[in-house]
Amino acid sequence: MSNEEKKCPVSWHGAKMDFTEAMSYGDYLGLDQILSAQHPRSPNHNEMLFIVQHQTSELWLKLMLHEMQAVRASLRANELAPAFKMLARVARIMDQLVHAWDVLATLTPPEYTAIRPYLGASSGFQSHQYRELEFILGNKNAALLAVHTKATQAYEVLERELHAPSVYDESVMLLARSGFAIAPERLSRDWTQPTEADESVKAAWLGVYQDPDKYWALYELAEKLVDLETAFRFWRFRHVTTVERIIGFKSGTGGTAGVSYLRKMLDVVLFPELFAVRTSL
């Protein structure tokens, strides 16, 4: 074997070693771009944690949106089995994000204070992917589009999502197609408005829960949606408690009221009838 062959073995215990003409792990994942996307602006050691925490959250958000858009398409096509799998996956992604707050919570108030001046007016409130996720889940607010005017493509996506039925709207339309008497005004409501409780929808879900054997697929859909919202509530709760732990009741970098604003978000109910129906059972 030549010295050159010794320097670059073809394989190592069966593993390919030479990728000069083949796609490598790093090539496939675009690791050069991902791992060079962290640009701390302060001299503080802890800023890398802050950046990586939020960048990884955005990647998880991207996957959640990929799944939720497919869930909506499946519901429209009456294909519930794949929708169940994807809803379960999104709930588990949210669990992952809940535990990610544990890592950020290792950032102490003095450590964050050293970073904060370098953040400018940037804030998670400006995450267009998070806004899109809220819209697809039914928490619509047209006024919040103004935050995203700088990003033309993101603005167009959000405007389109604002006018589209949410995943829960599609679930309600599925109830109607399954023979439940949903009020016509609920089926033709203004999709740009947030979800509001409707008695006909509550009555339909009550019928599903009272006879799960007859409506097993809808029953499973209901429970998957409840799982999803429960995970989302945990995520929001860990967010507000982590922020309070690190900055107390200071205002947010983007101008929000900080913890007091985040606490208001805890009161938002995405699928109101699915929780209200439990009192009636």
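Predicted model: local features only at pLDDT ≥ 70, side-chain atom pairs only at ≥ 80, totals over all residues.
Visitor: What does the secondary structure come to?
Guide: The chain comprises 14 helices and two strands.

Visitor: What box do the C-alpha atoms fill?
Guide: Along the principal axes, the box is roughly 80 × 55 × 35 Å.

Visitor: Turning to contacts, what share comes from residues 24 or more positions apart?
Guide: Among contacts with a separation of 6 or more, such pairs account for 69%.

Visitor: How many positive and negative side chains are there, and how far apart do the centres of the two sets lie?
Guide: There are 29 positive and 34 negative side chains in the chain. The centres of these two sets lie 4 Å apart.

Visitor: Where does UniProt place the feature "binding site"?
Guide: The UniProt record, an unreviewed entry, places that feature at His-239.

Visitor: Which helix does His-239 lie in?
Guide: His-239 belongs to helix H12, which covers residues 216-247.

Visitor: Why does His-239 count as partly exposed?
Guide: Its relative accessible area is 27%. Buried means under 20% and exposed means over 50%, so a value in between is classed as partly exposed.

Visitor: Which residues is His-239 in contact with, leaving aside neighbours within four places in sequence?
Guide: With those neighbours left aside, His-239 is in contact with Trp-101 and Leu-262.

Key
Residues numbered from 1 in each chain as written. Heavy atoms only, no water. Helix = DSSP H or I, 4+ residues; strand = E, 2+ residues; numbered from the N terminus. Contact = heavy atoms within 4.5 Å. Lys, Arg positive; Asp, Glu negative; His and termini not counted. Charge placed at Lys NZ, Arg CZ, Asp CG, Glu CD. UniProt positions renumbered as here; feature names shortened; annotations may be inferred. Buried < 20%, exposed > 50% of the residue type's maximum accessible area, 1.4 Å probe, protein only.
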